[in-house]
Amino acid sequence: MEITQALALARNAMRISSPNPRVGAILVAPSGQVIGQGYTQQAGGPHAEIVALRDAARQGLDTRGATAYVTLEPCSHHGRTGPCCDALIAAGIKKVVASIADPNPRVSGQGFERLRAAGVEVEVGSGAAESRELNIGFFSRMIRKTPWVRMKIAASLDGKTALLDGTSQWITSEAARADGHAWRARSCAVLTGIGTVLEDNPRLDVRLVESPRQPHLVVVDSRLETPLDAQLFLPGRTLYIYAAHQNDARKAALEARGATVIHLPGPGGKVDLAAMLQDLARREVNELHVEAGHKLNGSLVREGLVDEFVVYLAPKLIGQGRDMASFGPLAHLGDAVPLEFRSTDLLGPDLRIVARIPGRDAF
């Protein structure tokens, strides 16, 4: 029960803890009374365990002999904050029940070792699957060295994302659009392509749901054609532009507007998308949310770089129009990209399908 409550707390960190994992913690006294609880705050702020300890202290409650239920191994290193395991030891915590080991090589079992060395009983495993799924991007970055790539698509029932002239506002309902913003809000970064920038001049920020932070923005722009007056240039927002061709003047102009330009040439004069994902992981991007056009979508699918799809299908038919992702043609049906449905839900009049490439989460 306590781990279930801690996992519920961890979900409160969904939109705020990036790039840190989403963690919840509950402190229970020997009497069974909950004396402290908390979840990870913004980067540089306190982790879940510290918030829970402060909660107990604020109430004047004694933590000695208490059990700490946490959804991830307490950290053992000095990062933006101090080691949580040391704080638990100093507070006199007798037992730690943790869902899963931290995949960060700087921790990865060392927190448990330090706790046991101090005489703290450690139990691991309760709620492991839920905690890992909640932090799928963090686990991906730490283990695969790439973000978890989630592609969002809004389409008609016959799979068209826009008319032939590019008109796409609005295929889906307001409820679906708000839900799409919720997926943006949980991501570390939103990815789009130069085609979308030039056609739609989007902001790609979080507006339709409450969020204390804006995800970074990533643009695949092979020739550095991003307009200097594009709406992407929002004050205080991190913007990465990946290019394939050198253009020192354009690079200087874009960087003067606040962007970071990264030169990653690949085959055919295009950006090396696989190398881009590795670079984004080094920049602490856990979950990458893709909102792009059919060409970039197709390239990402063709190269096997997408892990998950969030697709909104509107109850309408368009006929001729732009596809979800342009790749192929396939020689055989057996070459089709396999998917497994994770969930299907109605949002207003629209159907939301969350689908995953089988085995992509087996890391």
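Annotated site and burial

Analyst: The UniProt annotation "active site", from an unreviewed entry, covers E49. UniProt positions are given here in the numbering of this model, feature names are shortened, and annotations may be inferred rather than shown by experiment. The model is predicted: local features need pLDDT of at least 70, side-chain atom pairs count only at pLDDT 80 or more, and totals for chains, interfaces and linings use all residues. Residues are numbered from 1 along each chain as its sequence is written, and side-chain values use heavy atoms, with hydrogens and water left out.

User: Why is E49 called buried?

Analyst: The relative accessible area of E49 is 3%. Buried means under 20%, exposed over 50% and partly exposed in between, with a 1.4 Å probe and protein chains only, so E49 falls in the buried class.

User: Where is E49 found, and with which residues is it in contact, leaving aside neighbours within four places in sequence?

Analyst: E49 is found in helix 2 (residues 48–58). Helices (H or I, at least four residues) and strands (E, at least two) are DSSP runs, numbered from the N terminus. Contact means heavy atoms within 4.5 Å; apart from neighbours within four places in sequence, E49 is in contact with A25, V70, L72, P74, C84 and L88.

User: Which residues does the annotation "binding site" cover, and how do you know that they are spread in space?

Analyst: That UniProt annotation, also from an unreviewed entry, covers A154, W170, T196, D200, S222, G293, H294, K295, L296, N297, G298 and S299. These residues extend over 146 residues of sequence, and their C-alpha atoms lie up to 28.3 Å apart.

User: Is T196 buried or exposed, and is K295 buried or exposed?

Analyst: T196, in helix 8 (residues 194–200), has 15% relative accessibility and therefore counts as buried. K295, in helix 11 (residues 294–302), has 63% and therefore counts as exposed. Leaving aside neighbours within four places in sequence, T196 is in contact with N201, P202, A292 and G293.

User: What makes the buried residues of helix 4 line one face?

Analyst: The buried residues of helix 4 (residues 110–117) are G111, F112 and L115. Seen down the helix axis, they fall within an arc of 100 degrees, so they line one face of helix 4. The arc is that of the directions from the helix axis to the C-beta atoms. An α-helix has 3.6 residues a turn, so residues three or four places apart point the same way.

User: What do the buried residues of helix 4 pack against, and which exposed residues are carried by the face turned away from the buried side?

Analyst: The buried residues of helix 4 pack against helix 3 (84–90), strand 4 (95–98) and strand 5 (121–124). On the face turned away from the buried side are the exposed residues E113 and A117. Just after helix 4, G119 takes a positive phi of about 90 degrees.

User: Why is D62 called partly exposed, and R64 exposed?

Analyst: D62 and R64 form a salt bridge, with 2.8 Å between the closest N and O atoms. D62 counts as partly exposed because its relative accessibility is 44%. R64 counts as exposed because its value is 61%.

Methods: A salt bridge is a side-chain nitrogen of Lys or Arg within 4 Å of a carboxyl oxygen of Asp or Glu.
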